[in-house]
Amino acid sequence: GKWRTLTDNEWDYLCTGRTDALSKWGFATVDGVFGLVFLPDSWTTPSGCAFTSDHNINSTDSYTTTQWAAMEAAGALFLPAAGRRYDITVNYVGSYGYYWSSTVYDSGSAFYLYFNSGNLSTSNNAHYSGYSVRLVCE
């Protein structure tokens with residue numbers, strides 16, 4: 001398959017563009033790491049697992065490594081709250097997630113997805129910001 005980074009439109013589709021978008025994402029911890037879970041359009045929860053489309057940071061699903069392996073095998077995506085690098089400082093690790101899209105905004109910036117404390121959105125920022133990249137395979 002071909003590996004690539006999601007576009008801004010694809011991030012928007014996952015967040016709000018699907019008919020049942022709000023029921024297909026939620027906050028969770030995987031092996032003690034906080035982050036965001038996206039489910040595919042066609043989803044069946046694996047045996048022994050549960051998913052709550054919880055948009056509140058204070059009440060999240062929690063998965064062991066084994067449970068997450070089953071969720072991932074069923075198509076779920078986990079984005080850890082990896083924080084960001086700004087200049088020489090890395091901050092917000094464990095509470096915010098910033099993920100670049102492949103969509104250029106202008107000559108000096110691009111779109112990205114971010115989440116924190118119950119918020120999920122896309123925006124744009126300068127290329128020099130240190131955000132994570134999540135590749136997908138077609």
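**Exercise 1.** Find the cluster that ring pairs build from Tyr92, Tyr96, Tyr98, Trp100, Tyr112, Tyr114 and Tyr131, then classify the pair of Tyr98 and Tyr112.

The model is predicted: local features need pLDDT of at least 70, side-chain atom pairs count only at pLDDT 80 or more, and totals for chains, interfaces and linings use all residues. Residues are numbered from 1 along each chain as its sequence is written, and side-chain values use heavy atoms, with hydrogens and water left out.

*Solution.*
1. Rings of Phe, Tyr and Trp (its six-membered ring) pair if their centres lie within 6.5 Å; planes under 30 degrees apart count as stacked, over 60 as edge-to-face and the rest as tilted.
2. The structure holds 19 aromatic pairs.
3. For Tyr98 and Tyr112 the centres are 6.1 Å apart and the planes make 40 degrees, a tilted pair.
4. Tyr98 belongs to strand E8 and Tyr112 to strand E9, so the pair ties together parts 14 residues apart in sequence. Strands (E, at least two residues) and helices (H or I, at least four) are DSSP runs, numbered from the N terminus.

**Exercise 2.** Classify the ring pair of Tyr99 and Phe115.

*Solution.*
1. The centres of Tyr99 and Phe115 are 6.5 Å apart and the planes are at 10 degrees, so the pair is stacked.
2. Buried means under 20% relative accessible area, exposed over 50%, partly exposed in between (1.4 Å probe, protein chains only).
3. Tyr99 is buried at 4%, and Phe115 is buried at 0%.

**Exercise 3.** Determine which residues of helix H1 (residues 8-17) are buried.

*Solution.*
1. Asp8, Trp11, Leu14 and Cys15 are buried.
2. Viewed down the axis of H1, these buried residues fall within an arc of 130 degrees (directions from the helix axis to the C-beta atoms), so they line one face of the helix.
3. Exposed Asn9 and Gly17 sit on the face turned away from the buried side.
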